[in-house]
Amino acid sequence: MSTVSETTHNGAVAVGALPAPSADDGLSPAQLAAKYGLSVSGARPGMVEYTRQLWGRRHFINEFAKARTSAQYTQARLGQLWQVMTPLLNAAVYYLIFGLLLGTSKGIDNFIAFLVTGIFIFTFTQSSVMAGVRAVAGNLGLIRALHFPRASMPIALTLVQLQQLVMSMFVLIAVVLMTGEVPQASWLLVFPALFTQWIFNTGLAMIVARLGSKMTDLTQLMPFILRTWMYVSGVMYSIAKMTESAPHFVRILLDINPVAVYIDLMRFALIDSVTSSQMPPHVWASAVGWALVVGVGGYIYFWKAEEQYGRG
Amino acid sequence: MAVAEQQTLVSTPPTGTSIPTVIVDDVHIVYTVHGAGTGKGSATAALYRLLSRKGAPNVRRVHAVRGVSFTSYRGEAIGIIGSNGSGKSTLLKAIAGLLPADRGKVYTDGQPSLLGVNAALMNDLTGATNVILGGLAMGMSQEEVRRRYKGIVEFSGINEKGDFISLPMRTYSSGMAARLRFSIAAAKNHDVLMIDEALATGDHAFQKRSEARIRELRAEAGTVFLVSHNNKSIRDTCDRVLWIEKGELLMDGPTEEVVSAYEDDEQQPKPPK
């Protein structure tokens, strides 16, 4: 131990020997920092500046999403074919269980199209949330090595899911056509429905990204929450039929659920027998409202902890 | 903002005037280590912990850095030495803003970049994609990335033994991965670049190239921090050295003086505890 204390003494001498500008000698570290415009390390930029930086990284976000999409199935032999196979197999399993075994299809016209639409739309939100939870924790190496607005991560990962959904939509259109639906003008409603849901998903992904960066337990917990969410969202049954005898507030609670809203809109757009009379009131207003509240709210919530994401 | 600053930095020649880039003011860092000794636990255990609001078991606090203060200036290359676990990497993380200081403050000019051994980029993507994404993430334009792509790959030397740049990064050896990471990060002019033993895995030719690049970065008025256990590479690249032991700054001075003292200390038999 004695050697250590001796060197400490030497060290103090060595510090004094360093060339230091005489004009700055009397300044405290904080004053010195202020004089040369140094900022506290890792401080978070303002909202406007942050958004500007994020816009500057739009090519990065786009390329990152593209690279992630193409890397998704590189370890599987069938490769990109899984982009179509996964949603198809999912639909087949749910049809087997809920259509044939449990018979929740009673009273629903074109149950196959009804079910497949529900599953694909729910999966879009579900996988965005799952990707969001890992958005910060799963990219710590990148986040620590390079500096960019961290919101790029959840946004890019949600874009990956959007791209995946577009593949699923081709499957969905094929299924819908095979079950006897005829293309019509209402199919164009697919685009605003998807767009509002994508905004909603991005906001939600940013919220869970911040939560997931602090609470590592969330990755384990999330599947339970998402499964519960799926069962209350009317994916494999009709909320309207199920709640016929239930109290009114139960119906309202189930109808206001954002995923149920987006599923309703997609079914309304694609399936002829789903008419506006079966839609909950103000369904477009709630779709846009959810997108705005969660999209903007999620962005602000994520930005508030910007400086903490590398800490993991 | 960073790009604009860089341009002005490059235009001002690094003369004798000392302009501070990093000011570390009496910084203390305390780590909170979760789950020391246990695994992540099952989903039900996680739910239980979340609901009961109990902390995770075995949370320990480690006082890793104890009151370090120094100021670095433009054009300096600063080596950081000390035995394993002395707090070198922790200090770099704090300067990069990745770890909050328990007490004290770190002021920096621009945003420091930290290159660590484990700073994996995107392992399941090819080296080529990593170069492009890394460049874009650092704020280069698409045009700039295209222009610099060849230079980055050449610098890394990844393609010296065949077309490896088109393979996923997970197939690289640790040395190759470290080389590519350094090449990507060094393609941009950083105000403050911190290298945490990332060069140790490179071969001799690459180490020479990276030392030359570090000198260039200094000439462009950046500050480079280098953590290394290789005293020779510290002597070759750095003009100032901080010696950290048990989280305290033992010595801060010209390279030769500090490294010699460090080597003398290493050779002495440790007193029994």
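**Entry 1: ground rules**

I count residues from 1 along each chain as its sequence is written, while chains are lettered from A and ligands numbered from 1 in the order in which they are written. Since the model is predicted, I kept in mind that local features need pLDDT of at least 70 and side-chain atom pairs count only at pLDDT 80 or more, whereas totals for chains, interfaces and linings use all residues.

**Entry 2: chain B overall**

I began with the secondary structure of chain B, which comes to 9 helices and 9 strands. Helices (H or I, at least four residues) and strands (E, at least two) are DSSP runs, numbered from the N terminus.

Next I looked up burial in chain B, and buried residues make up 49% of its 273 residues. A residue is buried if 20 or more other C-beta atoms lie within 10 Å of its own, exposed if 12 or fewer, and partly exposed in between, with C-beta atoms placed from the backbone.

I also checked contacts, where two residues are in contact if their C-beta atoms, placed from the backbone, lie within 7 Å. In chain B, 74% of the contacts with a separation of 6 or more are between residues 24 or more positions apart.

**Entry 3: helix H6 of chain B**

I picked out H6(B), residues 174–186, and found that its 13 residues reach 18 Å from the first C-alpha to the last, close to the 18 Å expected. The expected span of a helix is 1.5 Å times one less than its number of residues.

Why do I call H6(B) largely enclosed by the rest of the structure? I do so because 11 of its 13 residues are buried. Among them I noted B:Met176, B:Leu180, B:Phe182 and B:Ile184, and also B:Arg179 and B:Arg181.

**Entry 4: two residues of strand S1, chain B**

I found B:Pro20 in strand S1 of chain B, residues 20–33. B:Pro20 is buried, as 24 other C-beta atoms lie within 10 Å. Setting aside neighbours within four places in sequence, I listed its contacts: A:Leu32, A:Tyr36 and A:Leu38 in chain A, and B:Thr71, B:Ser72 and B:Tyr73 in chain B. The C-alpha atoms of B:Pro20 and B:Thr71 are 6.5 Å apart, although 51 residues separate the two along the chain.

B:Asp26 lies in strand S1 as well. Is B:Asp26 buried or partly exposed? With 13 other C-beta atoms within 10 Å, B:Asp26 is partly exposed. I also wrote down its phi, near 45 degrees, a positive value in a residue other than glycine.

**Entry 5: a loop residue of chain B**

I looked up B:Lys246 in the loop between strand S8 (240–245) and strand S9 (248–254). Its phi is near 55 degrees, which is positive in a residue other than glycine. B:Lys246 counts as partly exposed, with 15 C-beta neighbours inside 10 Å.

**Entry 6: helix H14 of chain A**

Over in chain A, H14 covers residues 283–303, and its 21 residues should span 30 Å at 1.5 Å a residue; the end C-alpha atoms are 30 Å apart, which agrees. Its buried residues include A:Trp290, A:Val294, A:Tyr299 and A:Trp303. The helices that the buried residues of H14(A) pack against are H3, H8, H9, H12 and H13 of chain A.

I followed up H13(A): its axis and that of H14(A) come within 9 Å and cross at roughly 130 degrees. Axes are lines fitted to C-alpha atoms, for helices over the stretch in contact, and angles run from 0 to 180 degrees between N-to-C directions. The pair is therefore oblique (under 35 degrees is roughly parallel, over 145 roughly antiparallel, 65 to 115 roughly perpendicular and the rest oblique).

Here A:Pro258, A:Val261, A:Tyr262, A:Asp264 and A:Leu265 of H13(A) meet A:Val283, A:Ser286, A:Ala287 and A:Trp290 of H14(A). I sorted the residues of this contact into 7 nonpolar, 1 polar and 1 charged. Ala, Val, Leu, Ile, Met, Phe, Trp, Tyr, Cys and Pro count as nonpolar, Asp, Glu, Lys and Arg as charged, and the others, Gly among them, as polar.

In the loop between H13 and H14 of chain A I found A:His282, which counts as partly exposed with 13 C-beta neighbours inside 10 Å.
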